[in-house]
Amino acid sequence: MTIGQLAGELGLATETLRYYERRGLVTPSGRSGSGYRLYGEDARERLRFIRRAQALGFSLDEVAELLAMSDNPHADAGEVKALTDQRIADIEARIRDLEHLRDGLQALFEQCPGHGSTADCPILGALNRDDE
C-alpha cells in the first residue's frame, strides 16, 4: 500500500509516517514503478506498536529502543522492564507535580468568594504576586 493509504488507514498524517521513516522506525518494503513508497503488513504492525507505546507515554527514542528489542528475540527482557520502570517513575513524578498544582489551585479557588471586585480576587492576587 502507498504512504497515503497506510497513513489514512491508521489515522496518521503522511508527514508523520515520513518522519517515522526518517527516524528509522518504519521502512517501506519497496517502491512502485512510479517511485511511490510501498508499505506492507509489517509496517502496519510497527506503526500500531509505535502508537500503543506512545499512548503509554514512551518517547520516540524509547519506542526505537523497544522496537529494536522487539526485533531481537535474544534481547534481554530485563532491559524492557527497566525502561518500563523508568517510564512508570516519570509518570509518578508527573502525577505528584500535577497533584501539587491542583492543591495550590484548589486552595486559591476556595479563598475566592466568586463575587465582588477583581481587585480583591485571591486568584488574581496570587498570579500578580512577584515572589519568584
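A: Arg 44 is buried, with a relative accessible area of 12% (buried means under 20% relative accessible area, exposed over 50% and partly exposed in between, computed with a 1.4 Å probe on protein chains only). This is a predicted model, in which local features need pLDDT of at least 70 and side-chain atom pairs count only at pLDDT 80 or more, while totals for chains, interfaces and linings use all residues. Residues are numbered from 1 along each chain as its sequence is written, and side-chain values use heavy atoms, with hydrogens and water left out.

Arg 44 forms a salt bridge with Glu 41, the closest N and O atoms being 2.0 Å apart; the term stands for a side-chain nitrogen of Lys or Arg within 4 Å of a carboxyl oxygen of Asp or Glu. The two residues are three apart in helix H3, so about one helical turn separates them, helices being DSSP runs of H or I with at least four residues, numbered from the N terminus.

In another salt bridge, Glu 9 pairs with Arg 48, with 3.8 Å between the closest N and O atoms. Because Glu 9 belongs to helix H1 (residues 3-10) and Arg 48 to helix H3 (residues 41-55), this pair ties together parts that are 39 residues apart in sequence. Glu 9 is partly exposed, with a relative accessible area of 42%, and Arg 48 is partly exposed too, at 31%.

A further salt bridge joins the side chains of Glu 62 and Arg 87, at 2.9 Å from N to O. Here Glu 62 in helix H4 is linked to Arg 87 in helix H5, 25 residues away, and both residues are buried. Salt bridges with shared partners also join Glu 9, Glu 41, Arg 44, Glu 45 and Arg 48 into one network. The structure holds 12 salt bridges.
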